[in-house]
Amino acid sequence: MSTPTITASVTIAGETVPRVELTPVAVDLLRSLWEEHGPLMFHQSGGCCDGSSPMLFMAGEFITSDQDVRLGQFDLAPADAPSQPLDFWMSAEQFNYWSHTFLTVDVVPGRGSGFSAEAPRGVRFLIRSELMTTMTPFAAPADTDRVDADAAHPPAPAPVPS
Amino acid sequence: MTVYAAPGTPGSTVTFKSRYENWIGGEWVAPVKGQYFEDITPVTGKPFAEVARGTAEDIELALDAAHKAAPAWGKTSPTERAAVLNKIADLIDANVEMLAVAETWDNGKAVRETINADIPLAADHFRYFASAIRAQDGDHAQLDGDTVSYQFHEPLGVVGQIIPWNFPILMAVWKLAPALAAGNAVVLKPAEQTPVSILVLMELIGDILPPGVVNVVNGFGLEAGKPLASSNRIRKIAFTGETTTGRLILQYASANIIPSTVELGGKSPNIFFSDVAQEKDAFYDKAQEGFVLFAFNQGEVCTAPSRALLQKPIYDSFLGDAVTRARKIIQGNPLDTDTQMGAQASNDQLEKILSYIDIGTKEGAKLALGGERVDLGGDLTDGYYVQPTIFEGHNKMRLFQEEIFGPVLAVTSFTDYDDAISIANDTIYGLGAGVWSRNGNVAYRAGRDIQAGRVWVNNYHAYPAGAAFGGYKSSGIGRENNKLALGHYQQTKNLLVSYSENKLGFF
């Protein structure tokens, strides 16, 4: 049976639509890394060399706080197997700028990724993004040199750590 | 023009070993677990050397060597340490082409940059800190007639340093020079994308340093970086990289109650006020170049001017001229001195850049230039090349908010001074910024109002030793490239001395 795409459950209070999913190749890799390391977590990074990539850690290795938002929880387990929960986190300040996008965690060949657990396998997790259909997207620039940011984009929803 | 011979072909200025071990205690030491990984050159996408895949066991060996070396090194005089640093600088200067080609092969960047910037700057940073440590005084205060407080600088002991891949040798030197000048022993972990050039440097300078004063362990972050950063045998951890790993390193440091300096990237605004275009003169030409510097080092710079803010009256004309200029950027063999933009450092970096071009398009940004991978053909066909890319959009788009670390520029307009500062500061980062104006008052005020550690005024991408470098906001903690950095590698010892014969009289 081929590996499915896995969509994260909704974990942000007041929301009803998922925000994150895993491609089948990401699911296969995560299941394999779970066998090697045990329970895992994602924290989406920002900035610099290895940044803007989801970092995979042993669950609890990265200490989250009120400054983080849990975007969703995956269950890596096949049907009828015991649950394998994997949370996807992001810093609240970063979420303020990302909240209008739906994230797909994919895998590409590559090397190096901070302390992320997949690196020794010669692969890296990569985020692919779509606009959330439930969020008001940016208005298409009518004035092509610049859209007035405040008018075109409603304030991001307040991040609710959960 | 010159085209340097590729390593492994006749006439190359550098000869790589087929396999590199760790540099520990002044000698090459095989990794305890006997594992190696391949180092790939982004120039061709092909592996060229094997490198030790270090683990916690190797970090412990390096820490053993560092702890053995630290006490004696920490007791050497500033004069002696400065002499060592100056010797290192002289050797680097005498081997610029060899190191430059090694760096270009490891990282992919154009050799004109490594020859003219990375390697000469590395030598100069050693010289700067050789001078700074000799010029550093302690402090004293006469608290009353018989009581004097003396303050001495002491080395921390053994420190850990984790280096990024965008300027592998220069970034290592930014951290090594102050640490060594201050009298510390170092365990250094290079980035796994660019593990070799630093080892080529160690081959060159290793004998100048007492064994164990600098130790280099390669490997992956989880396997080698984490054991170093979380070790209770270091007295400080320095890191350059991204925010999540930066936070993780600060968490490890808190567990050991040690200081940590972290440099975590940016999304730097480059602001052009209308008066830059009042004449089409040399200054206008300079400002145009300042705009195109987003492509410097393929955009793989934490301070890359990746957001251009143009004042409305000049938006169309200035951008039009700049796009024309950026279109002329020469991409090609990084070993050709005419090449202006080389390869991205790794395949995953290439993929990430392409993913941002994708989201930029989906968000409605307008593509003004580039936007695609480049196939340079021949031996370079599998290298990691991307076109210089310019998008127009607005500051809430992710293109404007995330560090892409590639040659991708996001351009928007502003109405007046307050609008410019508001857009410039609407970011979680605060590492670099640029301000361009013929009006000194405006430029000064903008420089002070932008929340960033380095604001270039009427220039960009200069990194001279002496000018403090570091971040505001989520761009990190600490300063490098200035004597302030010595303080990040020193303890303060206060000796409070009474010169009175008389008792206190309390008991």
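A nonpolar core is a set of buried Ala, Val, Leu, Ile, Met, Phe, Trp, Tyr and Cys residues joined through C-beta atoms within 7 Å. A residue is buried if 20 or more other C-beta atoms, placed from the backbone, lie within 10 Å of its own.

The model is predicted: local features need pLDDT of at least 70, side-chain atom pairs count only at pLDDT 80 or more, and totals for chains, interfaces and linings use all residues. Residues are numbered from 1 along each chain as its sequence is written, and chains are lettered from A and ligands numbered from 1 in the order in which they are written.

**Exercise 1.** Describe the largest nonpolar core.

Step 1. This core has 200 residues.
Step 2. Among those with the most contacts inside it are Ala66(B) and Phe272(B).
Step 3. Helix 4 (residues 111-135) of chain B supplies the largest share, twelve residues. Helices here are DSSP runs of H or I with at least four residues, strands are runs of E with at least two, and both are numbered from the N terminus.

**Exercise 2.** Find the edge strands of the open sheet of seven strands in chain B.

Step 1. The strand order is 15-18-19-14-13-21-22, with mixed pairing. Two strands pair if DSSP finds at least two bridges between them.
Step 2. Strand 15 (366-369) and strand 22 (454-457) of chain B each pair on one side only, and are the edge strands.

**Exercise 3.** State how strand 14 (residues 307-311) of chain B pairs with strand 19 of chain B.

Step 1. The two strands run in the parallel sense over five bridges.
Step 2. Gln311(B) stands opposite Phe414(B) in strand 19 of chain B.

Terms used. A residue is buried if 20 or more other C-beta atoms lie within 10 Å of its own, exposed if 12 or fewer, and partly exposed in between; C-beta atoms are placed from the backbone.
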